[in-house]
Amino acid sequence: MLTLARARSAPAFRELGYWLFRYRRTWRGSIVISVANPLLFLTALGLGLGKLINRNGSESLHGHPYVRFILPGMLIAAVMQTAFLEAAGPVMQAALPRGNYRAAASTPLAPADILYGHLMYWTLRAAQNAILFTGVSVLFGAVSVYRAPLLVPIALLVAVAFATPAAAWGVTVTRPSHLNAMFRFVILPLYMFSGTFFPIEQLPAWLRPVAWATPLWHGVDLCRTVALGTVTLPGALIHTGYLSAMAVIGLFVARRNYRRKLYV
Amino acid sequence: MTADASTVLIEATGLTKVYGTPGGRAGFTAVDGIDLEIHRGEAFGVLGANGAGKSSTMRMIACVSPVTAGSLRILGHDSATDGAKIRARLGVVPQDDTIDSELTVRENLLIYGRYFGLPWKVLRERSTRLLEFTRLSEKADDEVATLSGGMRRRLTIARALINEPEIVLLDEPTTGLDPQARHLLWERLFQLKQDGVTLLLTTHYMDEAEQLCDRLVVMDAGKIVAAGTPAELISRYTSREVVELRFAPGERQIMADKCRGIVERVEELPHRLMLYTDSGEETLAAVNARGVRPLTALIRRSSLEDVFLTLTGRSLVD
Ligand SMILES: Nc1ncnc2c1ncn2[C@@H]1O[C@H](COP(=O)(O)OP(=O)(O)O)[C@@H](O)[C@H]1O
Ligand SMILES: [Mg+2]
């Protein structure tokens, strides 16, 4: 209890407190979006698209109904997208000469505290998204109720793996147009090459290595194999290792970039 | 004032700031080996034109900018190693204010106070008191977008006081404000000084420096070119009075030639001549006797503006 109290007064928690305080204004809308996103998508699948695909494509889906196949992909893609959008843009804003980071940097907080606090916030936001998303999916029978809880930590790992590099980059950005470009030309194309909507075996053979290289594919494949119960230990280790490495390297680069930006 | 160690709150020796260029070579020296000693309870000013290095100095003292060379001790700590400890006891009003437009006026105080690890209960009490002190009570629950420039500045000051700092750093606190807003702000800062808070402020307004500062330094191109009380600086670097003559654009040069020799020192500014003298009346009479007919003639006491002109050959505010 005492350690908990001490931890909560650690500087990084003050930065988390700031973002949570701001979130008080938008949390209702954000929960509606977190629920509506899987709801709309699962309804659409239930109403016909799924049936159509199941009739024609069950061979390449290894006999799984399409909804069970695509759901983990949608979850991970949604988490990635939120992590990028919540990290890159707000970090750029906060690092402007009049931004929140500048205010925080003039208090006892060090640049690394500011980063850790914001990272905790992204993780909490990802947890909210992942829990609501899988909850809705369980209700639709799109994922097994026993395996659903396993998807949440996988989603968190993916969120952190994308948030730290996004923050490391975002803190150096000075023009908002660069954010749009990154989203349009890097994040969105990832969907196409990462087996989100269809198995990467459907890609031309020469494109498959591209998929193996993308972090989104590692996240999607880990989440999917766990959800479908086809996970293998080597596969799980490779995926987890890849995503963890990305998160840790992102964190180190972000720490360095935060210090350079806020402490000139 | 006696300067034993316990009363020296800020001590800089050979303080230097060099900014790296993107290429990483040949940096730009913004602060060039300055010495400062600021005592408890005094209001200390740094007077200088744009680009003199005032903000760079303030940011180093605020411990958000590493010192390139020299030593900087604040409140008994080394700024290089104890930044967080020092920042906990400083109040900072930066040149670019960092008021949060996502929060209301009161929330700005509360949330900023949380950064110092203060409990909500203390913060609620303090924020009410500080909003009163800065005359913002009526705006407490408004969005900051509705504040005027002067109110924003006062909110920044209220926020800087939330941790009951021993030193308040103010970087150009009244730049861009209208005269009325400036006077209200000066009055509040004067009150702070009465309450025993040590103030370090930068300004390029000589009247601000004269009004608020017990001691000041004049900074130019990263160096301190003079130091002392306002009265000392005026008596050391300029005459008692100034005769200021204004001319039509084409006439200044001719008139300057005509005035030569009346007084020891004449400064020529665009459209203006300044004649430094111990008796304004006599000098003006001499000017009239030579048939010089300025558009306007003004006799005034010397000010820090004249000190600055003497020291740098430039006017403070162009
Ligand atoms: N981050 C920075 N990088 C490079 N040069 C800077 C930086 N900040 C200030 N300078 C330069 O240092 C000089 C002094 O700036 P500053 O300290 O802001 O002066 P002042 O506050 O007196 O106007 C200016 O020439 C300015 O362009
Ligand atoms: Mg400045």
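This is a predicted model: local features need pLDDT of at least 70, side-chain atom pairs count only at pLDDT 80 or more; totals for chains, interfaces and linings use all residues.
**Overall architecture**

Chain B contains 11 helices and 14 strands. Its C-alpha trace spans about 75 × 45 × 45 Å along the principal axes. Of its 318 residues, 52% count as buried. Contacts between residues 24 or more positions apart make up 69% of the contacts in chain B with a separation of 6 or more.

Chain A has 11 helices and zero strands. In chain A, which has 264 residues, 48% of the residues are buried. For this chain, residues 24 or more positions apart supply 78% of the contacts with a separation of 6 or more.

**The interface between chains A and B**

The contact involves 27 residues of chain B and 23 residues of chain A. About 2300 Å² of area is buried between the two chains, and carbon and sulfur atoms give 54% of that area. Five salt bridges are counted between chain B and chain A, and 13 residue pairs are in polar contact across the interface, both residues being at pLDDT 80 or more. On the side of chain B that touches chain A, α2 (83–87) and α3 each supply at least two residues. Helix α3(B) gives the most to this side, with four residues.

B:Glu107 takes part in two of the salt bridges listed below, with A:Arg24 and with A:Arg25. The latter pair crosses between chains, from the loop between α2 (11–23) and α3 (27–57) of chain A, where A:Arg25 lies, to helix α3 of chain B, which holds B:Glu107.

Apart from neighbours within four places in sequence, A:Ser106 is in contact with B:Val64, B:Arg87 and B:Tyr112. With B:Tyr112, the side chain of A:Ser106 forms a polar contact of 2.9 Å.

**B:Asp97 and its surroundings**

B:Asp97 is located in the loop between β6 (90–93) and α3 of chain B. Its relative accessibility is 7%, so B:Asp97 counts as buried. Beyond neighbours within four places in sequence, B:Asp97 is in contact with A:Arg98 from chain A and with B:Arg152, B:Arg153 and B:Thr156 from chain B. The side chain of B:Asp97 reaches the backbone nitrogen of B:Ile99 at 3.2 Å, and a polar contact of 3.2 Å joins it to the side chain of B:Arg152.

**Helix α4 of chain B**

Helix α4(B) covers residues 120–133. At 1.5 Å a residue, its 14 residues should span 20 Å, and the end C-alpha atoms are 19 Å apart, which agrees. The buried residues of this helix are B:Leu123, B:Arg126, B:Ser127, B:Leu130, B:Leu131 and B:Phe133. Because they cover an arc of only 145 degrees around the axis, they lie on the same side of α4(B). These buried residues pack against α3 (105–114), α5 (149–160) and α6 (179–194) of chain B. The face turned away from the buried side carries the exposed residues B:Lys121 and B:Glu132. Just after the helix, B:Arg135 adopts a positive phi of about 60 degrees.

**Salt bridges**

Over all chains, the structure contains 30 salt bridges. Four of them are tabulated here.

| Residue | Partner | Closest N to O distance |
|---|---|---|
| A:Arg24 | B:Glu107 | 3.7 Å |
| B:Glu125 | B:Arg129 | 3.1 Å |
| B:Glu164 | B:Arg129 | 3.5 Å |

B:Glu125 and B:Arg129 both belong to helix α4 of chain B and stand four residues apart, about one turn of the helix. B:Glu125 is partly exposed, with a relative accessible area of 43%, and B:Arg129 is likewise partly exposed at 40%. B:Glu164 lies in the loop between α5 and β7 (167–171) of chain B and B:Arg129 in helix α4, so their pair ties together parts that are 35 residues apart in sequence. B:Glu164 is partly exposed, with a relative accessible area of 48%. Elsewhere, salt bridges that share partners join B:Glu244, B:Arg246, B:Arg272, B:Arg300 and B:Asp306 into one network.

Terms used
Residues are numbered from 1 along each chain as its sequence is written. Chains are lettered from A and ligands numbered from 1 in the order in which they are written. Side-chain values use heavy atoms; hydrogens and water are left out. The expected span of a helix is 1.5 Å times one less than its number of residues. Buried means under 20% relative accessible area, exposed over 50%, partly exposed in between (1.4 Å probe, protein chains only). The arc is that of the directions from the helix axis to the C-beta atoms. Contact means heavy atoms within 4.5 Å. Buried area is the accessible area (1.4 Å probe) that two parts lose on being put together, summed over both. A salt bridge is a side-chain nitrogen of Lys or Arg within 4 Å of a carboxyl oxygen of Asp or Glu. A polar contact is a pair of N or O atoms within 3.5 Å; within protein, one must be able to donate a hydrogen and the other to accept it, and residues adjacent in sequence count only if both atoms are side-chain atoms.
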